[in-house]
Every structure is written in C-alpha cells, then in structure tokens.
Amino acid sequence: STSLEKTLGAPQTVQIERSPQNLHDPPPIANIKAAKDCFVVNCYGRKIPFPALYEKTKTILVFLRHFLCYTCREYVEDLAKIPEKYLKDADVRLIVIGQSSHDHIQDFCTQTGYTHEMYVDPTRSIYKSLQMKQGEIFHQAGDKLHFGHLDLNRLDHAPINLLLQLAGVKTVDFTHKAKIIDI
C-alpha cells in the first residue's frame, strides 16, 4: 500500500457510459440554428458564414477536438481515404472543422492526406453554440439535421461508414486486407 492509497483510498475502476437521452429534449447539437450567426475560417484566413457550409446541399460536418489530438488525426486520415467521386456521386460535402488558427490547416491536411474541405472555428463560437467539444453531424440541405453525434470522449467518434450510409454515400473498406478473387 502506497502513501497515496492511504491518503486517497484504493483506486476505483468505474465504467463510464452514456446516460439515456430524454426523447423530449433533443441534444444541443440538434439545434444547428443556434450557430447560424457563427463563422468559420478557411486556410487563407477568409471568414465564411457557418450556414453557408450546409444550407444548399447535404453535408457531413466533423468537428475535431484539436489538430494535435492523435485520435482526431487518425480519424481525419481515415476520412482522407473517402474518394472524392463517392461524395460527388451522392452530391454530399465532407467538411472538417477544427479549433485552431487557420495557419495550421494546410500542414494538418498535408500530414493526414486530407483533401476535402477543412475550416477552423478559432473563437470556438460554433462549439459553444452547439455545446460540444467534438462530434459528427450529417445535415440535409436547409435547416433539417438528419443525424448528430456528440462524442462522449476522444475515442468515441461516429463510425465513418455510418455517416456515409446516412448521407447516401458509397461506403469505404478500411480493412486494408488483400481481396481474394475467386477465378
């Protein structure tokens, strides 16, 4: 027994799980209109109204914790594997939004191989309006939110193929296993 255990007691292991959502109170992310007055910034420092990202077409929005989060980086590396053709065929935009300066966008895209749209929310105004740290959203054109996922922790990203399926985009094989062709 260590002195820390004597002071604080024995360590405890607790399973953390989501609490059931009240069906009458949608999660804050469902009210995307709360962020209607917010802006994102592109890699050139240009401010763009947040609603302009999703109001005219189906859009998958992915909000990152920050660019240095290794699980966020791996998630974006997997998002980079989605062929542009799959998105175009389904008329869907894939957009990643980070909490950083716009100066970091190009380096992050280069490091992850991500070639789809990326913006930042340097003041965290969207994150604050939607009461989140990170999460994924699939949004139909206009004000209708089709799917929202608030991450419980840094390892709780929504499965990419689920997002693609909900948006009507062809799914991607992430297994990297050689395919056996029966001749």
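Predicted model: local features only at pLDDT ≥ 70, side-chain atom pairs only at ≥ 80, totals over all residues.
Helix H4

- Within H4, which spans residues 105-112, the buried residues are Ile105, Phe108, Cys109 and Thr112.
- Viewed down the helix axis, the buried residues of H4 fall within an arc of 100°, so they line one face of the helix.
- Just after H4, the backbone at Gly113 adopts a positive phi of about 80°.

Aromatic rings

- The structure contains 4 aromatic pairs, and in the one formed by Phe67 and Phe108 the ring centres are 4.4 Å apart with the planes at 20°, so this pair is stacked.
- Because Phe67 sits in the loop between strand E3 (58-63) and H2 while Phe108 belongs to helix H4, the pair ties together parts that are 41 residues apart in sequence.
- Phe67 is buried, at a relative accessible area of 7%, and Phe108 is also buried, at 2% relative accessibility.
- Ring pairs also join Phe50, Tyr54, Phe63 and Tyr127 into a cluster.
- Lys47 is placed over the face of Phe39, at 4.7 Å from the ring centre.

The chain as a whole

- Of the 183 residues in the chain, 38% are buried, and the exposed surface comes to about 11300 Å², of which carbon and sulfur atoms supply 53%.
- Among contacts with a separation of 6 or more, 64% involve residues 24 or more positions apart.

Methods
Residues numbered from 1 in each chain as written. Heavy atoms only, no water. Buried < 20%, exposed > 50% of the residue type's maximum accessible area, 1.4 Å probe, protein only. Helix = DSSP H or I, 4+ residues; strand = E, 2+ residues; numbered from the N terminus. Arc of directions from axis to C-beta. Contact = heavy atoms within 4.5 Å. Areas by Shrake-Rupley, 256 points an atom, 1.4 Å probe, with all protein chains shown as cover. Phe/Tyr/Trp six-rings, centres within 6.5 Å; stacked < 30°, edge-to-face > 60°. Lys NZ or Arg CZ within 6 Å of the ring centre and 35° of its normal.
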